[in-house]
Amino acid sequence: MDHFELVSEYQPTGDQPKAIADLVAGFKEGNQCQTLLGVTGSGKTFTMANVIQELNKPTLIIAHNKTLAAQLYGEFKEFFPNNAVEYFVSYYDYYQPEAYVPSSDTYIAKDSAINDEIDKLRHSATAALSERRDVIIVASVSCIYGLGSPIDYKDMVISLRPGMEKDRDEMIRKLIDIQYTRNEMDFHRGTFRVHGDVVEIFPAGSGELAVRVEFFGDEVDRITEVDVLTGEIKRDLKHIAIFPASHYVVSKENMERAITAIEAELEQQVRYFKGEDKLLEAQRIAERTNFDVEMMRETGFCSGIENYSRHLTGLAPGQPPHTLIDYFPDDFVMMIDESHMTVPQIGGMYHGDQSRKRTLVDYGFRLPSALDNRPLSFEEFESKINQVLFVSATPGKYEDEHELLRTEQVIRPTGLLDPEIDVRPVEGQIDDLVGEIKKETDKKNKILVTTLTKRMAEDLTDYMRELGIRVKYLHSDIDTLERSEIVRDMRLDVFDVLVGINLLREGLDIPEISLVVILDADKEGFLRSETSLIQTIGRAARNSEGHVIMYADTITDSMRKALDETERRRSIQMKYNEEHGITPQSIHKAVRDLITISRKAASAEMQIEKDPESMSKAELEKLVGEVTKQMRKAAAELNFEAAAELRDKMTELKKQLLDMD
């Protein structure tokens, strides 16, 4: 298809039509950076989809984590069922990077578990960009990490049509060159099998369908798509492009050139180490590199091949690596979701990666060229932007400085208003707070309380617990997994009050929350800045009874700005509601969906927790196998939170098994 086709039962409403028109006009006039300031629940994703349809350009959407990316991928897949909507995130379920700790002389080998489903989606994404223009790729920040050369990737594609002259054996050799392996027994992604004049290929970007190529002499007679499981022919194809099974694939000539360059760098590094009297490092780098070179020469691949990506792609030292962005045509559009968090994250990735690799190079575990297998620096990332849309409820400083146009979307189609804010004196705040909590819990509502210090949060939690209030404390030592578990428990009515210091990170948009309490609101700083206050206030914006209490003796500049901005948004929404006869409705559907998922996870957990301590060794081993299976299934379905929970459960069970031995 040569155009984007948005499928939705909804039409743009509220301030969506103006936002869409402004953004489209701005991009068509040549604006490089634009911002969509959209409050929670205003339909930002729908606006983004309309802009994509109007511009009709390949689009890269970047989110700051896998879970958010998966959510956006699902939404855009529904909006554009007839176009190529792809998903590109890190394909590791588990990743322990290669590292060396000089103080204890500890080398930590790279250890990882690749998610086959995500690897398939990554290949599908790059293949789609090579074949068509109606492509939307939803990616995490892993899209700025090094990938093989897009030119080599496209040059190595095998293109087949019925009637073309092609020798069967020549095609088999080409398949091996692009990292496909022949396997007559276990037919899976990235393999092929041969039966006489019939070659069946399981493309790297495919899930259930393989390609059957039938030859008649030296001619391609017929190409069909077949079901891998049943062998049923799905359809005849007039053309098929078989894309490489690895993003690091290179031609034989380029491989030889790369090996020559690697050997030259190795010789130079060995000479350097010997000159410094570092004989152990010299021997280490020689052994490791010679083994890798031998593997690449014989098979075209080696473990950790990405560390040689600079030589494989022919780039100069220090030159930016090829990334997913290079697979896009020059006129593509980038959209950065939750830009106030995503932009700083992109900025910080380069330096963290370099410090770890520098140690590996200094101690002879990697050649200096491994430093060029890295994410883009922020300046390099900026240089690759054609046109970008920042999307956030609270755009940051970077967006302010670079945007050429800003459009607002503060009207919610549901009619929900920004919460009313009540500023109360600090004296007697705890007794007042307890009274408010009791009012809300009587109505079966939930409460968020944010404090400034850890001690205050702990003391407050203990005090409330003594009063019989069902409360939990969310602190910095809690990892992502436990955090999502606490959020889930709140949705399942396990407790009523959540106390924390920084409650801004995503994942806390809980529609049952009707009261947000901000203690010490007048203490200026990061947690009481204008942005933080607006984000915290927004936690009560999904409930029609939502309101906020700030305890403060003075009103700071940040408080004043947050109060004014909230009141401005509230008055715009009220005016719209009056004009259109809308009664604000709390969001219910999202809660129901999440509760269903949570209850499933909870029931799975209950089944697992049949007192493993009383089990025999055989029963425990069986249980470990079942949990592992559930974990892989959850990961394949992109339900990463559930997969992480099951992984931790599996680790606990394995520890019990070890104790038995």
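So, α13 passes α14 in a right-handed crossing, where right-handed means the near helix is turned clockwise from the far one by less than a right angle, and left-handed means anticlockwise. This is a predicted model, with local features needing pLDDT of at least 70 and side-chain atom pairs pLDDT 80 or more, while totals for chains, interfaces and linings use all residues. Numbering runs from 1 along each chain as its sequence is written, and side-chain values use heavy atoms, without hydrogens or water.

Back to that pair. Helix α13 is residues 429-442 and α14 is 454-466, and they pack at about 55 degrees with axes 12 Å apart. Helices here are DSSP runs of H or I, at least four residues, strands are E runs of at least two, and both are numbered from the N terminus. Axes are lines fitted to C-alpha atoms, for helices over the stretch in contact, with angles from 0 to 180 degrees between N-to-C directions. The angle makes α13 oblique to α14; under 35 degrees would be roughly parallel, over 145 roughly antiparallel, 65 to 115 roughly perpendicular, and the rest is oblique. On the α13 side, Leu433, Val434 and Ile437 are among the residues that meet Met456, Leu460, Tyr463 and Met464 of α14, contact being heavy atoms within 4.5 Å.

Next pair: α19 (617-636) and α20 (640-660). Their angle is about 160 degrees, with axes 8 Å apart, and that makes α19 roughly antiparallel to α20. The crossing of these two is left-handed. Residues in this contact include Leu620, Val624 and Met631 from α19, and Leu646, Met650 and Leu657 from α20. By class, there are 15 nonpolar, three polar and five charged. Nonpolar covers Ala, Val, Leu, Ile, Met, Phe, Trp, Tyr, Cys and Pro; charged covers Asp, Glu, Lys and Arg; the others, Gly among them, are polar.

Now the core. Which residues touch the most other members of the largest nonpolar core? Ile61, Phe76, Phe80, Tyr87 and Ile136 do, out of 39 residues. A nonpolar core is a set of buried Ala, Val, Leu, Ile, Met, Phe, Trp, Tyr and Cys joined through side-chain atoms within 4.5 Å, and buried is under 20% relative accessible area, against over 50% for exposed and in between for partly exposed (1.4 Å probe, protein chains only). Helix α3 gives the most to this core, with seven residues. Beyond its neighbours within four places in sequence, Ile61 contacts Met48, Leu72, Phe76, Ile136 and Met335, among others.
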